Amino acid sequence: MRYYVQRVALAILLLLAVSMLTFGALNVLGDPLFNILGPVAGDVNNPESVEMINAAKREFNLDRSLPVRYGLWVSDFVQGDFGVTFSSTGQPPVSGVISERLPRTISLVVLAQLFAILVSIPWALITASRAGKVSDRISTINAFFLVAMPNFAIAVILKFVFSIKLGWMPLTYTADDPLSSRLFQMVLPALTIGLPVAAVYQRLLRTDLITTLQQDFILLARTKGLSKWRILFVHALRPSLFSFITVVGLNTGALIGGSIVSETVFRIPGIGSTLVESVLRNDFPVVLAIVMIVASSFVIINLLVDFAYTLIDPRVRR
Amino acid sequence: MSTNPNPATPTNSDETIVKKKLGVGFWLCVAWLGLMAFIALFTPLLPLKSPTQNFLDTTNGRPPYSPSWKHWFGTDKDARDVFARTLHGARISLAVGFAAISAGFLVGGTVGLISGYFKGWIDRVSSFVFIVLLSFPSLVLAILLTSLIERSLLTISLVLGLLSIAPVGRLARAATLQFADREFVLAARQIGATNRRIIIKEILPNVAIPMSSLALLGMAVAVVAEGGLSFLGLSVEKGITWGGLIQLGSESSKTLEEAPWIAFFPILMLFLTVLSLNFAGDRVRNYFDVKETTL
Amino acid sequence: MNPLDIVRSEAEPLVETVEIKTHFKTPRGIARAVDGVSIQIRRGQSLGVVGESGSGKTVLSRSIMGLLPRNGVIREGSVRYQGQEIGNRTPKEMRSVWGREMAMIFQDPMTSLNPVMKVGKQITESLRLHLGMSASEAMTIAEKLFRDVRIPEPTRRLNQYPHELSGGMRQRVMIAIAMACGPNMLFADEPTTALDVTVQAQILELISEQKRDRNMSLLLVTHNLGVVAGYTDEIAVMYGGKVVEKAPTKTLFADTKMPYTEALLRSIPRLDQPSHSRLATIPGRPPDIVHPPKGCRFAPRCAYVRDLCLNEEPELQQASTPDHTFRCFYPVGSPEYLERKVELTRKGELVSTGDLS
């Protein structure tokens with residue numbers, strides 16, 4: 001019990017540190033006034049501009065000190081108020097923008113993980129059972145190649161091959177399409193981020209499987225006359241999954257990062273592509289909100305993975 | 001392969017140590033990397049076409065021109081020579097990669113060594129900082145930071161360097177912890193060696209071994225990270241980078257369809273470079289791993 | 001079946017090996033783990049295989065059962081089960097034999113049981129596969145098996161994981177798994193070595209009982225002569241990949257022929273020795289199975305060695321009864337043996353331990 005409490009406390013501390021870092025970076029390194037008003041912010045001689053400047057300062061609490069601003073922001077944030085975006089007319093609330101776009105990113109990441117898991121497990125089983133043979137070596141080389149390709153390169157190649165040359169996959173994502181076609185449109189983007197991690201998962205699982213297969217209880221299973229596939233699937237797989245599950249969980253954060261590129265190339269309006277757009281527009285409430293959401297999910301997922309580990313391995317259960 | 005094919009059978013024969021070689025593949029990678037380094041350093045001096053000049057050739061129709069003897073990698077929409085641009089792209093991409101990992105190693109390595117050796121509060125603080133840095137998916141943090149600063153070669157390298165501090169530091173710390181309690185360190189302390197001397201003479205050489213493979217792997221990551229940033233338009237201002245070239249070559253489906261070479265040659269160069277770094281790093285790790293596991 | 005068939009099948013060995021060899025390819029050369037072994041085990045009979053580490057005894061049992069990996073293994077000779085040749089069968093072909101006709105139990109029950117699978121399931125798996133039972137039928141049988149092997153509170157234990165059981169109980173589970181489909185032949189590979197001394201006897205009794213009740217044949221591999229003494233009909237002593245003496249148990253103890261066997265017997269500590277007597281050991285180390293010595297493999301360590309032993313390998317010969325064979329030029333009781341014995345006793349290098357029966 002104490003263990004759980006400790007970890008949760010650490011996670012909260014972590015989130016605070018992350019938020020301070022982010023908030024500080026944006027406000028210290030960037031110029032919020034400039035972001036809001038554009039060049040007008042520097043125009044201190046024009047009384048009209050000064051008027052706008054002061055209004056903005058009041059509106060966004062810019063005349064208060066940094067720690068106070070931070071405190072105000074935190075209290076807003078945890079209540080779900082992420083402020084308003086500067087750039088669009090009418091200044092729609094950031095939370096609206098995010099709630100509209102976040103589900104798309106989540107679907108993308110989930111799809112990518114599903115794909116990676118469904119591919120890597122059989123792949124690992126096959127290569128582990130044929131360890132050292134030609135097919136295994138070829139697979140290792142393939143995995144190496146896959147990992148050496150950056151996300152954006154894979155995206156471009158996939159787009160070229162499947163959308164352009166072969167015409168199998170749609171080129172763009174249309175938000176208004178029905179769910180089934182939207183999911184279909186997400187296939188290539190999901191593959192883009194899912195393929196490299198599938199290679200990583202496969203490599204890890206294969207190593208663990210090979211270790212497990214050398215254990216005595218596998219030999220005993222053989223003496224019971226069980227078939228090769230039954231031994232692999234029923235006996236060898238489960239004890240080998242511990243590192244696998246941990247890595248899958250921890251990788252979710254990396255996948256969120258990868259979605260940034262994927263969404264940009266395939267033009268999916270999720271929070272990844274929004275982050276890039278906002279950064280290029282200096283729209284920092286959005287940037288701040290997205291970074292916090294991503295970092296928070298990262299921290300929370302890591303925490304959950306930690307806890308899940310204690311549940312999965314019956315030997316660790318107390 | 002183990003000398004004991006049946007793990008449950010007791011054998012008398014000594015465990016033979018399989019001879020570890022770096023292998024042909026390793027040297028091929030080193031050759032490629034050497035070539036890239038050469039290109040990165042000496043491109044302006046080489047007899048290439050200019051990367052910014054428009055080689056409009058009305059006899060050939062409208063650009064982009066496909067690969068030919070005149071333009072080995074073809075040209076882009078503005079009739080700029082892709083071959084020259086790709087080679088120029090190597091400069092920034094590799095320079096940033098190298099500088100970033102060097103900075104990361106310098107800072108991260110030092111912090112890791114010190115935390116692992118002295119432990120105590122230094123260790124707790126630095127570990128916490130590492131964890132905070134690692135709480136962001138790296139691309140997100142990179143994007144955040146590069147959006148706020150003036151983007152020059154130096155600053156981008158520093159940002160990526162900052163990102164590599166945590167992983168490097170963690171490894172350095174773990175490796176140092178392994179060695180800090182060993183007898184040879186205690187022995188050195190007994191004869192009155194200062195901490196500084198112990199760290200430099202006893203621990204550093206041992207830690208350098210696992211770190212060397214991390215250097216190669218880390219550089220691969222840095223190159224990819226820079227590629228990602230430049231693809232998104234967040235790398236060095238007005239610089240020619242592989243990521244940037246790829247982005248230009250793929251930003252419209254039309255371009256990609258009609259002139260795939262614009263994007264694909266930079267992709268190829270990037271891929272081969274990252275592959276070489278990964279493979280070489282892996283080989284180095286395998287080569288040194290034997291000693292580690294038998295210790 | 002007419003009575004003559006029954007008699008014949010009882011007389012024919014259940015398992016038989018003829019000069020089998022199992023060699024492993026290693027970077028140092030070919031390791032001759034089993035180098036020409038011929039044994040027969042009849043229905044309901046138990047054979048103990050005794051030897052030091054590296055004598056090839058474990059490889060022997062695995063070779064007979066066919067459990068060796070395919071790569072890097074050279075096999076010669078023949079292995080017959082119920083008269084049929086099984087030595088050249090593929091693992092796929094052997095799967096119908098494993099579990100059903102032949103079973104094996106291993107030394108360390110902690111590593112031999114699947115740590116993340118409930119023990120009940122590990123038994124019902126065999127039952128459902130080989131005997132086609134349904135889940136509930138199999139559970140009932142599993143419970144009965146647990147009772148047979150004397151695991152208290154069988155119903156509760158069926159749902160537990162291996163790490164929740166004690167070492168002795170885990171070994172009982174292994175025995176239950178092995179017995180599940182009623183095999184004709186059981187290979188027990190050092191079944192008690194990893195257990196507490198107090199539990200060892202219980203497990204051996206249990207194995208013995210199962211063997212009797214099921215008229216099962218048993219091959220018991222161990223380095224401990226004390227274990228085989230009470231629980232086997234016949235004993236084969238292995239050294240350097242070969243059988244150096246084979247005899248019915250009582251005969252082996254009463255009329256030992258090969259000096260190695262004698263040395264083994266002498267090294268068993270006994271209750272009736274005077275206190276502080278030195279424990280007799282066999283000097284030297286087991287032979288290198290990649291480059292075995294020329295001549296008798298035990299010669300370098302034998303107290304009674306002579307020139308012939310170092311140059312020529314002794315063949316198997318019969319002792320006073322046809323079921324007692326051994327390999328030695330100057331066996332226990334021969335003139336050369338006695339001559340040397342006198343010398344060594346005079347020098348004080350041989351401790352007399354009295355009657356070994």
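This is a predicted model: local features need pLDDT of at least 70, side-chain atom pairs count only at pLDDT 80 or more; totals for chains, interfaces and linings use all residues.
Helices, at least four residues long, and strands, at least two, are DSSP runs numbered from the N terminus.

**First stop: chain B.** Select chain B and colour it by secondary structure. From the N terminus on, its elements read α-α-α-α-α-α-α-α-α-α, which amounts to 10 helices and zero strands. Of the 295 residues in chain B, 47% count as buried. Among the contacts of chain B with a separation of 6 or more, 72% are made by residues 24 or more positions apart.

**Second stop: helix α9 of chain C.** Now select residues 197-214 of chain C, which form helix α9. This helix has 18 residues and reaches 26 Å from its first C-alpha to its last, close to the 26 Å expected at 1.5 Å a residue.

Which residues of α9(C) are buried? Show the side chains of C:Ile203, C:Leu204, C:Leu206, C:Ile207 and C:Lys211. Turn the view to look down the axis of α9(C): the buried residues fall within an arc of 155°, so they line one face of the helix. Next, select C:Thr198, C:Arg212 and C:Asp213, exposed residues on the face turned away from the buried side of α9(C).

**Last stop: the end of the helix.**

Conventions:
Residues are numbered from 1 along each chain as its sequence is written. Chains are lettered from A and ligands numbered from 1 in the order in which they are written. The expected span of a helix is 1.5 Å times one less than its number of residues. A residue is buried if 20 or more other C-beta atoms lie within 10 Å of its own, exposed if 12 or fewer, and partly exposed in between; C-beta atoms are placed from the backbone. The arc is that of the directions from the helix axis to the C-beta atoms. Two residues are in contact if their C-beta atoms, placed from the backbone, lie within 7 Å.
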